[in-house]
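The following briefing concerns one protein chain and is arranged by topic. Please keep the sequence and the structure at hand while reading.

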Amino acid sequence: MAENQHEFRLPVSVKLLRERTSRLRRARIAVVAHFFIAGMIIAVWASRIPEVKQRAGLNDGELSLALLGMAVGSLAAMQLAGRMVDRYGSGAVMPPAALLASLTLIGPGFANSLPYLFTALVAVGLGSGLLGVPMNVHAARVERRYGRPIMASFHAAFSIGGFTGAAVGGATAYFDVAAPLTFAAVALAMAGLALGVRPWLLRGRDVDTVAATRPTPAPPRPQRGIPWRIVLFGVAAFCCMLAEGSVTDWAAVYLHDARGASGAVAALGFSAFSALMAA
């Protein structure tokens with residue numbers, strides 16, 4: 001009788017294990033898709049900056065002010081996104097954030113003045129900032145369940161999205177497809193992708209990634225000031241983001257305005273940068 005029970009339970013346990021493995025694999029694909037979406041949005045925009053600049057009649061100084069709007073929106077959104085993730089969970093925040101990040105890409109394509117472009121880029125920054133926090137939290141949650149380091153694959157997906165987005169921007173520029181139409185097509189495609197992978201995200205709160213939920217010993221003694229290791233880490237991170245942001249915002253403009261490259265060729269600069277980051 002015991003042997004019969006054992007033979008009956010074994011297939012059930014194997015089936016459950018396979019279901020969990022399949023569910024976790026789909027969750028990983030969903031997170032990869034969101035990183036890809038984030039990279040696509042930034043890259044498609046970056047590859048067509050010269051055309052948007054010309055359409056809005058901006059010089060380099062005015063363009064730099066407009067680009068500041070994206071940073072303002074992103075910083076503001078990140079402050080809100082952390083609280084939303086804590087309250088609702090990363091899986092609940094990611095889909096609407098991805099939709100917002102995708103659809104706001106349409107706005108800059110129609111900008112015809114500095115205030116218009118600044119406002120449109122604030123919206124793009126809001127969408128990207130709201131998406132960046134929950135998708136990294138969800139990636140950490142999936143990585144923890146995998147039991148091995150896979151975070152690099154998620155960030156590689158962002159770079160692959162950057163490479164693909166820049167290639168799309170360059171191709172559409174080569175075939176004289178206007179930036180507004182390019183932005184709208186990519187926005188709708190990325191929104192559709194986000195909706196398609198939504199059911200694959202992990203459900204529930206992110207309790208398995210929050211250290212505060214674990215029992216901890218007595219709190220350590222409070223330290224005055226910021227440890228120098230944290231300062232050095234922050235400086236290094238700032239330098240990395242400064243380099244990446246400079247390439248994103250100015251590579252296509254430099255190649256187009258200063259080196260006389262066509263819009264299609266100018267887009268290849270960021271595409272090459274993203275390809276090497278992914279590698």
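A polar contact is a pair of N or O atoms within 3.5 Å; within protein, one atom must be able to donate a hydrogen and the other to accept it. A pair of this kind is found at the start of helix α5, where a side-chain oxygen of S113 comes to within 3.4 Å of the backbone nitrogen of Y116. The model is predicted. Its secondary structure amounts to 9 helices and 0 strands.

**Overall description**

- Along the sequence, the protein chain reads α-α-α-α-α-α-α-α-α.
- The protein chain has 279 residues, of which 37% count as buried.
- Among contacts in the protein chain with a separation of 6 or more, 86% involve residues 24 or more positions apart.

**Helix α5**

- Helix α5 covers residues 114-146, which makes 33 residues.
- From first C-alpha to last, α5 reaches 47 Å, close to the 48 Å expected at 1.5 Å a residue.
- After α5 comes G147, with a positive phi near 80°.

**Nonpolar core**

- The largest nonpolar core contains 51 residues, and W45, L105, L117 and V142 have the most contacts inside it.
- At least two residues of this core come from each of α1 (2-47), α2 (49-56), α3 (60-88), α4 (90-103), α5, α6 (151-174) and α7 (179-197).
- The helix that gives the most to this core is α1, with 14 residues.
- Which residues is L105 in contact with, leaving aside its neighbours within four places in sequence? They are I41, V44, W45, V124, F183, V186 and A187.

**Aromatic pairs**

- A pair of aromatic rings is described by the distance of the centres and the angle of the planes.
- The count of aromatic pairs comes to 4.
- One of them joins Y174 and F175 in an edge-to-face arrangement, at 5.1 Å centre to centre and with 90° between the planes.
- Y174 is exposed, with a relative accessible area of 62%, and F175 is likewise exposed, at 61%.
- F270 and F273 form a tilted aromatic pair, with 6.0 Å centre to centre and 35° between the planes.
- Why are F270 and F273 separated by about one helical turn? The reason is that F270 and F273 are 3 residues apart in helix α9.
- F270 counts as buried at 8% relative accessibility, whereas F273, at 24%, counts as partly exposed.

**Helix α9**

- Helix α9 spans residues 263-278.
- The 16 residues of α9 should span 22 Å at 1.5 Å a residue, and the distance of 23 Å between its end C-alpha atoms agrees with this.
- The buried residues in α9 include A264, A266, A267, F270, S271 and S274.

**Backbone at D176**

- Where is D176 placed? D176 lies in the loop between α6 and α7.
- Most residues other than glycine have a negative phi.
- D176 is not a glycine, yet its phi is positive, at about 60°.
- Is D176 buried or exposed? Because its relative accessibility is 69%, and over 50% counts as exposed, D176 is exposed.

Definitions and conventions
Residues are numbered from 1 along each chain as its sequence is written. This is a predicted model: local features need pLDDT of at least 70, side-chain atom pairs count only at pLDDT 80 or more; totals for chains, interfaces and linings use all residues. Side-chain values use heavy atoms; hydrogens and water are left out. Helices (H or I, at least four residues) and strands (E, at least two) are DSSP runs, numbered from the N terminus. The expected span of a helix is 1.5 Å times one less than its number of residues. A nonpolar core is a set of buried Ala, Val, Leu, Ile, Met, Phe, Trp, Tyr and Cys residues joined through side-chain atoms within 4.5 Å. Buried means under 20% relative accessible area, exposed over 50%, partly exposed in between (1.4 Å probe, protein chains only). Contact means heavy atoms within 4.5 Å. Rings of Phe, Tyr and Trp (its six-membered ring) pair if their centres lie within 6.5 Å; planes under 30 degrees apart count as stacked, over 60 as edge-to-face and the rest as tilted.
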